[in-house]
Amino acid sequence: MKTLLDIVQSRAGTAPVRLGLILGSGLGHLAHAVDGVAIPYADLPGFPHVGVSGHNPHLHIGLLEGVRVAVFGAREHYYENGNPAAMRPALELLRALGAGSLITTNAAGSLRPDIRPGDLMLLNDHINFSGLNPLIGEKTDARFVPMTTAHDPDLRAALRDAAQAVGVALPEGVYAWYSGPSFETPAEIRAIKILGGDAVGMSTVPEVILARFLGLRAAAISTITNMAAGMSDEAISHEHTKAMAPLGAAKLEKVLRRFLRDL
Ligand code: HPA
């Protein structure tokens, strides 16, 4: 029987991939810049059946700024089917393709007055506010993953350098994972603030845990689409997230392209 790896390599070739990139809401544009193949998730056993509007369910493999990458145009969020490990087959594939690192991107709400809609935030750590974990049920001792440097210091330094080189501000902060799909209440946002969160979103943390479990180095960048609940008069909605994401996406693309070029 053909494995997932066979299926992908028969279309994309067997040259090793260096890095994986998961694109968040409204950030799909970069996937189309990959010079290579685009494989629909529907052709990939174990890949998520993604239902969130604003996502592009294709795996793009090829060259971006001269680096062979695997770009996941969409992710399955926990809130879609209640599975925090939904991205595990995709990340296992990434590992099998030879990648050593994963960069995750997302849309998030900001809890910091100095980080505004349209800005980027580099995650220097995260808080698992959901209490869920993609490794629950994993039987091997590998499940006891150290998370002390889950957001890799070297990757972060390279992303900071890239941002500086292209003149994009890249403040750092702590991302809190909220299960969704409802947005947070103002009281939850005040709680997250007290706990040390700087931004809040519905993804990324399970992927970072899985990446570390699989031995991939990980880093993540949020594009801020709104101030978190109760922090501004603006209404929070998915429509608003999708409308605002392109603002940060242009900056994110600049930073990621430069990061890849300097890799
Ligand atoms: N909360 C959770 N997820 C989000 C938000 C938010 O305010 N904005 C974009 N994704």
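Thr204 sits in the loop that joins strand 8 (199-201) to helix 6 (205-213); helices (H or I, at least four residues) and strands (E, at least two) are DSSP runs, numbered from the N terminus. The model is predicted, so to speak of local features a pLDDT of at least 70 is needed, side-chain atom pairs count only at pLDDT 80 or more, and totals for chains, interfaces and linings use all residues. Residues are numbered from 1 along each chain as its sequence is written, and side-chain values use heavy atoms, with hydrogens and water left out.

Let's stay with Thr204 for a moment. Its phi is near 70 degrees, a positive value in a residue other than glycine. Thr204 has a relative accessible area of 0% and is buried (under 20% relative accessible area; exposed is over 50% and partly exposed in between, with a 1.4 Å probe and protein chains only).

Now move to Glu65, in the loop between strand 3 (58-64) and strand 4 (67-72). Here too phi is positive in a residue other than glycine, near 50 degrees. Glu65 is partly exposed, at 28% relative accessible area.

Pro181 belongs to the loop between strand 7 (172-177) and helix 5 (186-195).

Finally, find Leu135 in the loop between strand 6 (120-127) and helix 4 (153-165). Leu135 is buried, at 6% relative accessibility. Beyond its neighbours within four places in sequence, Leu135 is in contact (heavy atoms within 4.5 Å) with Arg88, Arg143, Val145, Ile209, Leu210 and Phe213. Arg88 is 47 residues from Leu135 in sequence, and their C-alpha atoms are 9.4 Å apart.
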